[in-house]
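Dear colleague,

Please find the structure below, handed over for your use. The findings follow it, grouped by topic.

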Amino acid sequence: MNIHKTLLLASAAAATLATATPSMAQTALSVYWNSLYSTTSEPISAPAMNALLEEYKKLKPDVTVNSIDNMSDVNAYQAWLTTRFAGGDQPDIAWQQFYQRNAEGKDLWLPLNDYLEKPNPYVPEGQPGHDRWADLFFPNVLAQIRAGDGNWYQINTDWVETGFYTNKKLLDDNGVDPTQWKTWGDMIQSCKDLRAKDIQPIGVFMTPEWSTYQWLDDIIITGAWADQIQSWYLPQYSSEYLPWRQLNQEEFAKAVKEGKFTTTDPRFDTYLQLTKDVAENCLVEGFAGIAQYDDVYKLFNDGTVAMAWLGSWSAPGLAELPFEVGSTYIPPFGPNDSPYEINKSSYRVGGPSSSGQLGLTAITAERGTADAAIDLLMFLTVPANYQKIADVVEGNIPMIQGVKPSPAAAGFQDIAQLPERGLTDPIGRLTQQFGTEHNRLFQSFMIGELSADDLKAQYQRALDRAVQDLCDEKSEEWKWCNE
Amino acid sequence: MTTATATGRRPSYYINRYLPWILLAPVMIHLIVFRYIPTFSAFYYSLTNWNGIKAAKFVGLRNYTDLFTDYVFLDGLRNMVIYTSIRVVLLIGFAFLAAELVFSFKSASVRTFWKIVFVIPLVVPVSVVYLLWGFIFEPQSGLLNTLLNSVGLGAYANQWLGTSATALYSIAFVQFPFVAGLSFLVFISALEGIPGDVLDACKVEGCGRFRRVWSVDVPMLRGSLIFIAVLIVLGGIQTIEPQLILTRGGPGTATESPGFYVYRAAFQYSDFGLAAAAGVIMVFVGLVFSFYTVRARYKGAYDVDL
Amino acid sequence: MLTSSRIRLAFPVIVLSLLAVITWYPLVFMFSTSFKTRTQFFANYWWFSWPLDLDNYVQVWPKVSLAILNSLQYSGGTLILVLLLSLLGGYAFGRFNFRGKNFLFLAILSLLMVPGILTIVPLFVQVRNMGLLNNPFALILPWTAFEIVFGIYLMRLFFERLPKELFYAARIEGASELQVLLHVALPLALPGLGSVAILDLLFTWNDLIWPIVAISDQTKLPVTPAALNFRGNNVVDYGQVFAAYVSISLPLIVIFSFFVRKFVRGIEGI
């Protein structure tokens, strides 16, 4: 070919390329929204979510949000997510449980600390969040989702609460009135009364992994160690607005390492005693053989148990039951129950688990999508925007300042005001391996197959090993490890 | 009719000589890519501390020593032995019984009817079966305890899955006394394959039903019995559904299994090195077990007359 | 009159019927639950509740029918490949001798010891690197690799049992090996292939974890993972889940009823 033709061809090619290149750089974000926010599988909230995403598209036409279809089975999602990480295809924004996310840390997730300090451009002037995004969230929420290394890897747009749902008829017929419970001991007595009439009192399930037993444990361990907890706080996590708050992973690990939380302490005996009491008297027989939340729900539905500890997300389904459903909560510990209790009320067990746990994967930094992802989240968390979702989502309580809960969720406001449980679920207290070990040991103890002494010996070993593992990993951030 | 190549041999000579290799080539390529390579990758991972994200660091045999000092894993191995033994006896027992009973019918169409009867239930997904048996084992409203109470055996009612003493046996007895469709078909077709003169010879000698079963059927079915037993054992080694659906390994470690251990290590702890090591051990257990049984089966396997 | 011969005749039928009832109960349970509303379900687990409620099927049908179409595609593709490779492999091992035959066979069989759960992650990385994620071949190729181990074993047994005269005659007539394969081996192999087909279908239809990992587009899922999604996000609706399970079992039941005879002939002599 002669030069002339080549040049012509080359310039034609260049021209085509030039016009084909978009005038703006397109950013694509892949997001896995959990159930309640799914854009496809939730008939109630999907329209609201989709409407918000449409609005966002108008604001930011150069950003495409690809919402990944929801997987309602958590095991399936976990398998999917794990393999995506292994293959480098993880989404930009993904849901994950806070304890797992925090355990995985910055290997998999992006620290959001700097972003939380930035202003949220979508919030109108004068409202919280305008100057600093973190102001949109409640301090106790932020305190609880903070990881052991001091970073935040997620935001929480909502929380779940838990409550005691009661079969009113069954209780009334048998002379049990939870509203009359003043202390833990009263509750245990009611359980005994029910048992005497051959009725299963409380539905809770327990496995070596997560289970509703963990909620029970959170409250009991707090009641047994309440007078010590505040002395374990570290200054960097504390704020004068929160004299009582939940312990952080680092704080608890330090307390273990320094021998302040130990099985030889008489408080541990109280802990075990309270646990044994409720297991023997209150929990449905065979609780150690129930492996799914759905099964407890089933026991409550068919009238096998008089009360069940369920999450607020189950509330909508309870309206269909053939009997009237009441709700109550666990009463506080009195001096006869735990001599170490200092609070006059019971403890809140609920979030940070929820649908609205959203975080960025670490790879967004390399992909360059981090800023766009944060922008999307900032848009979503604007109170006026999020309100549209909160109005229709019934089972979760919104945790953004200025957003009102839906009528169904409003019933949990009282519980939401209770003081925080002192420690998070066992599976999140130290390492996940420690969590499953805790569950196994306590399970055997609660069904009478492991003696208190054996449990203490094995539990102390598990504690020490977990702290050792954590210190190996985090010796740079946790300076006290080397002392 | 044929053209000679430079060496003087027809192309079909080469095909004839190397035919088995040609036939097996696509198979081997496929297996290498999709089975052997991932398997050896897993072997390699078992010597590292890979967590899916950080570059894998070689740690030698540490995962293996961790496994053998972890009482959870060891209990799982022990459980696996018990569970598998029970399953082999139950599944083979009832499948063989059903096969013998169906074999006693002379009419082929009757037999086909029963074959269909026992094959259709194979379509039920495993998760449904375990879900159902979870309901059956429930202490209060479950079928088992309700039945025991109604026939006056209430003293035996138990928290089947909630106590260590009974949990493992409960999951081993799931579906009792059902007939495993595939095993049943294997046995019935093997029985139908027994040469008629052998059966006649036995009758001439005055065999009763039981004697025939014992001295003719069982020896002739030796191959099928061993084959099915191996499959059940391999399945038992890899068992994971009862844990996933019913017990999650509890209470305590009563129903732990190596397969579930792998699953948990991989997907909950993201400790792929440990998961791979546990999986590798499962492979070796399977190999050791099968080696003797398969070799016994193939001893004297004749070379094929071409 | 209860003669001893009548008892002897009745005995197998009675015992078999009992066994059949037990074996069938999960299937019946699946059916009966699929027609229940939530209230009906909690009132009675074990047997049908009247009136039967068809709403569950109405709800699940759109997604389930899509999943069934997907599965037909994936399982069908796998079936073709598995039958082909099992035929070739079984024929090679069953009717030829060659160096390394035993070693190779044992090497293939030993793959049965490798549990799927061990290789999920490495296999995923591999499939991803081949760019096959979300593609039907992400399911077809690995599934085939799992199934042909057994398939070759079965076909080998099958081919070994065939009388050598059939092949001898064809070769004497001057047939090329290809012709022997196509016109002698293949037709004779059909019953054996029938049994491989049933086993393969059972496996691919029911596989749960791998499709979830390999396919993220929920509209492309095969049947069993798709059925999981009917669980619901807040409260599980067993009626719907089981309606989904029944729906996805129907194609299998139809296929099995037709193939039982072939299957039995194909596994003689194991």
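Helix 13 of chain B and helix 5 of chain C are roughly parallel to each other, because angles under 35 degrees count as roughly parallel, over 145 as roughly antiparallel, 65 to 115 as roughly perpendicular and the rest as oblique. Their axes cross at roughly 25° and come within 9 Å. Here axes are lines fitted to C-alpha atoms, for helices over the stretch in contact, and angles run from 0 to 180 degrees between N-to-C directions. Helices (H or I, at least four residues) and strands (E, at least two) are DSSP runs, numbered from the N terminus.

Helix 13 of chain B contributes Gly259(B), Val262(B), Tyr263(B) and Ala266(B) to this contact, and helix 5 of chain C contributes Ile117(C), Leu118(C) and Val121(C). Two residues are in contact if their C-beta atoms, placed from the backbone, lie within 7 Å. By class, the contact of these two helices has six nonpolar residues, one polar and no charged. Ala, Val, Leu, Ile, Met, Phe, Trp, Tyr, Cys and Pro count as nonpolar, Asp, Glu, Lys and Arg as charged, and the others, Gly among them, as polar.

Please note that this is a predicted model, in which local features need pLDDT of at least 70, side-chain atom pairs count only at pLDDT 80 or more, and totals for chains, interfaces and linings use all residues. Residues are numbered from 1 along each chain as its sequence is written, while chains are lettered from A and ligands numbered from 1 in the order in which they are written.

**Contacts of chain B with its partners**

Between chains C and B, 66 residues of chain C are in contact with 75 residues of chain B. On the chain C side, helix 1 of chain C gives the largest share, 12 residues. That side of chain C divides into 46 nonpolar, 14 polar and six charged residues.

Within chain B, the buried residues of helix 7 are Ala167(B), Leu168(B), Ser170(B), Ile171(B) and Ala172(B). A residue is buried if 20 or more other C-beta atoms lie within 10 Å of its own. These buried residues pack against helix 3 (71-103), helix 5 (126-137) and helix 12 of chain B.

**Domains and sheet of chain A**

An automatic or database domain assignment gives chain A domain 1 (26-160 + 352-416) and domain 2 (174-347 + 423-482). The centres of the two domains, taken over C-alpha atoms, are separated by 28 Å. In their contact, 19 residues of domain 1 meet 24 residues of domain 2. Helix 6 of chain A supplies the largest share of the domain 1 side, four residues.

Chain A also has an open sheet of five strands in the order 2-1-3-10-4, with mixed pairing. Two strands pair if DSSP finds at least two bridges between them. Strand 2 (63-68) and strand 4 (155-156) of chain A are the edge strands, each pairing on one side only. Strand 3 (residues 93-95) and strand 10 (residues 357-360) of chain A pair in the antiparallel sense over three bridges, and Ala94(A) stands opposite Gly359(A) in strand 10.

Yours sincerely

Key
Buried ≥ 20, exposed ≤ 12 C-beta atoms within 10 Å, placed from the backbone.
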